[in-house]
Amino acid sequence: MTLLDVKDLSIDIHGIRPLDGISFSVDKGEILGIVGESGSGKSLTALSVMGLLPLIGGRIERGSISFDGTELTTLKEPAFRKLRGRRIAFITQNPMTSLDPVIRVGAQIDQVARLHLGLDAKAAQARSIEIMEQLRIPEAATIYHHFPHQLSGGMKQRIVIAMALAADPDLIIADEPTTALDVTIQAQIVDLLVELVRERGLALILITHDMGVVAQTCDRVVVLYAGRVAESHDVTAIFASPRHPYTKALIRCIPREDTLPGSLTGIPGAVPSVAHYPPGCRYHPRCARMGVPCEKVVPPLEHPTSGGEIACHFPESNGGANV
C-alpha cells in the first residue's frame with residue numbers, strides 16, 4: 001500500500017528551481033533509497049516532504065505530495081506540526097548539531113512523546129528508556145541523564161534515532177544519517193535503522209550518496225541528478241542492469257574487495273550549480289554517451305517495459321554487462 005506519493009514536484013527558491021519534476025512513491029514497510037552526488041537535490045526533497053522549505057525561503061511551485069491520502073502541499077502549518085514528528089519523522093545529517101547541548105538527552109526524547117502522544121513525564125521517561133534499550137544503548141537509564149557532549153558520535157546518532165521513533169511514526173526520512181561517523185559506526189547505524197524498519201513495519205526513505213549502502217539496505221532506489229530523476233527501479237534491477245549512464249558511473253565508484261590500488265574510477269566533472277544548470281539533459285557535459293539531442297532537449301521520464309523509470313536519450317541496452 002502506497003504511503004507517500006510524490007508527483008511532478010518542482011520547488012522555487014528566490015527565483016531558482018533546484019528541483020524540477022521529481023516523482024516517486026514509498027510503500028508501507030519499504031525502504032527507498034534516494035541517491036546522488038552532493039547538489040543533486042536529495043536534502044531539498046526531504047525538506048519538501050517535511051514542509052520545511054519556508055525555513056530556507058523556498059516554496060512548492062507545482063506538483064503533489066500525498067501522505068496516506070492527505071495532500072501536504074496545501075496543508076497549513078498548524079496541521080503540519082501535528083503530522084511532523086508524529087507520523088513523519090526526520091533524522092538530520094549531523095548528530096553533533098541535531099541535539100540541544102544544554103538539555104539532557106533523555107528529556108529531548110521525552111519532548112516528542114509528550115507533545116505528540118500526550119504522555120505525562122513518568123510515562124514519557126519510561127518510553128524513552130525503552131526505546132534507548134531497543135537501540136542497544138548500554139545502561140540506557142544512566143545515559144538518559146547525560147548531556148550530548150558526554151556522548152560519542154555514534155551514541156548521539158542513536159539518541160537522534162530514538163527521538164524519531166518516540167512518537168511511533170509511519171515514515172522516517174533519514175538524510176545521510178551517518179555523515180559525521182566513522183565507517184564502522186556508519187555500518188552499525190544503518191543496520192540498526194533497517195532492523196527497526198523491518199520489525200515495526202515502517203517506511204524509510206534513506207538519503208545517501210553511497211551506492212554501496214543502497215545495495216545493502218534498500219528495496220528500491222531513485223537516482224537524482226541536478227534536481228531531476230535520472231533513473232528509478234528496484235535495487236536488484238538497478239545493480240544488475242543500470243540503464244542511465246549516471247547510474248552506471250555511480251555504481252563504478254563503489255570499492256570492491258578485488259579493486260586494485262589506483263584503479264577506482266571517478267566521475268569526471270561535477271554537479272552543476274543550481275543557478276547554472278545546462279540546457280537539455282543536465283548530465284550531458286559529463287556523459288560519454290552524449291549526442292546531439294542531449295544538449296538541447298530535456299529527456300522525458302519514460303517507463304520502459306522492463307519496469308522502472310529512466311530519463312535518457314541514449315540509455316544503456318545492456319547496462320549490467322560492463323559495470
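Trainee: At roughly what angle do the axes of α7 and α8 cross?
Mentor: Keep in mind that this is a predicted model. In it, the axes of α7 and α8 cross at roughly 20° and come within 10 Å. Angles under 35 degrees count as roughly parallel, so α7 is roughly parallel to α8.

Trainee: And what is the handedness of the crossing where α7 passes α8, left or right?
Mentor: α7 passes α8 in a right-handed crossing.

Trainee: Which residues meet there, in α7 and in α8?
Mentor: On the α7 side they are Gly-154, Gln-157, Arg-158, Ile-161 and Leu-165. In α8 they meet Ile-185, Gln-188, Ile-189, Leu-192, Leu-193, Leu-196 and Arg-200. By class, the contact of α7 with α8 divides into seven nonpolar, three polar and two charged residues.

Trainee: OK, now α4. How do the axes of α4 and α7 cross?
Mentor: They cross at roughly 20°, and the axes come within 8 Å. That angle makes α4 roughly parallel to α7. The crossing of α4 and α7 is right-handed.

Trainee: Which residues make that contact between α4 and α7?
Mentor: α4 brings Val-105, Gln-108, Ile-109 and Val-112, while α7 brings Ile-159, Ala-162 and Met-163. Sorted by class, the contact of α4 with α7 has six nonpolar residues, one polar and no charged ones.

Trainee: What about α4 and α5, at what angle do their axes cross?
Mentor: Helix α4 covers residues 105-117 and helix α5 covers residues 121-134, and their axes cross at roughly 120°, coming within 8 Å. Because of that angle, α4 is oblique to α5. Here the crossing is right-handed.

Trainee: Which residues of α4 meet α5?
Mentor: From α4 you have Gly-106, Ile-109, Asp-110, Ala-113, Arg-114 and Leu-117. They meet Ala-121, Ala-124, Gln-125, Arg-127, Ser-128 and Met-132 in α5. The contact of α4 with α5 has six nonpolar, three polar and three charged residues.

Trainee: Changing topic: what volume does the largest pocket have?
Mentor: Its volume is about 610 Å³. The largest pocket is lined by 27 residues, and the closest to its centre are Gln-186, Asp-210, Met-211, Gly-212 and Val-213.

Trainee: Which elements give two or more residues to that lining?
Mentor: For the largest pocket they are α8 (183-200), β8 (203-208) and α9 (211-217). α9 gives the most, with six residues.

Trainee: And how do the lining residues of the largest pocket divide by class?
Mentor: There are 14 nonpolar, nine polar and four charged residues in the lining of the largest pocket.

Trainee: How much space lies in the second largest pocket?
Mentor: About 470 Å³. Of the 17 residues lining the second largest pocket, Arg-84, Gly-85, Phe-90, Val-112 and Met-163 are the closest to its centre.

Trainee: I remember Val-112 and Met-163 from the contact of α4 with α7. Which elements each supply at least two residues of the lining of the second largest pocket?
Mentor: They are β6 (88-91), α4 and α7 (153-165). The largest share, four residues, comes from α4. By class, the lining of the second largest pocket has ten nonpolar, five polar and two charged residues.

Trainee: Last topic, then. How many cavities of 30 Å³ or more does the structure hold?
Mentor: One. The largest cavity has a volume of about 70 Å³.

Trainee: Which residues are closest to the centre of the largest cavity?
Mentor: Cys-281, Cys-287, Cys-294, Cys-312 and His-313, out of the 13 residues that line the largest cavity. The lining of the largest cavity divides into nine nonpolar residues, three polar and one charged.

Trainee: Great, thanks for walking me through it!

Key
Residues numbered from 1 in each chain as written. Predicted model: local features only at pLDDT ≥ 70, side-chain atom pairs only at ≥ 80, totals over all residues. Heavy atoms only, no water. Axes fitted to C-alpha atoms, helices over the stretch in contact; angles between N-to-C directions. Parallel < 35°, antiparallel > 145°, perpendicular 65-115°, else oblique. Left-handed = near helix turned anticlockwise from the far one by under 90°. Contact = heavy atoms within 4.5 Å. Nonpolar A, V, L, I, M, F, W, Y, C, P; charged D, E, K, R; others polar. 1 Å grid on protein atoms, 1.4 Å probe; cavity = no way out; pocket = protein on both sides within 12 Å on 5 of 7 lines; lining within 4 Å. Points joined across faces, edges and corners; volume = space filled by probe spheres on them.
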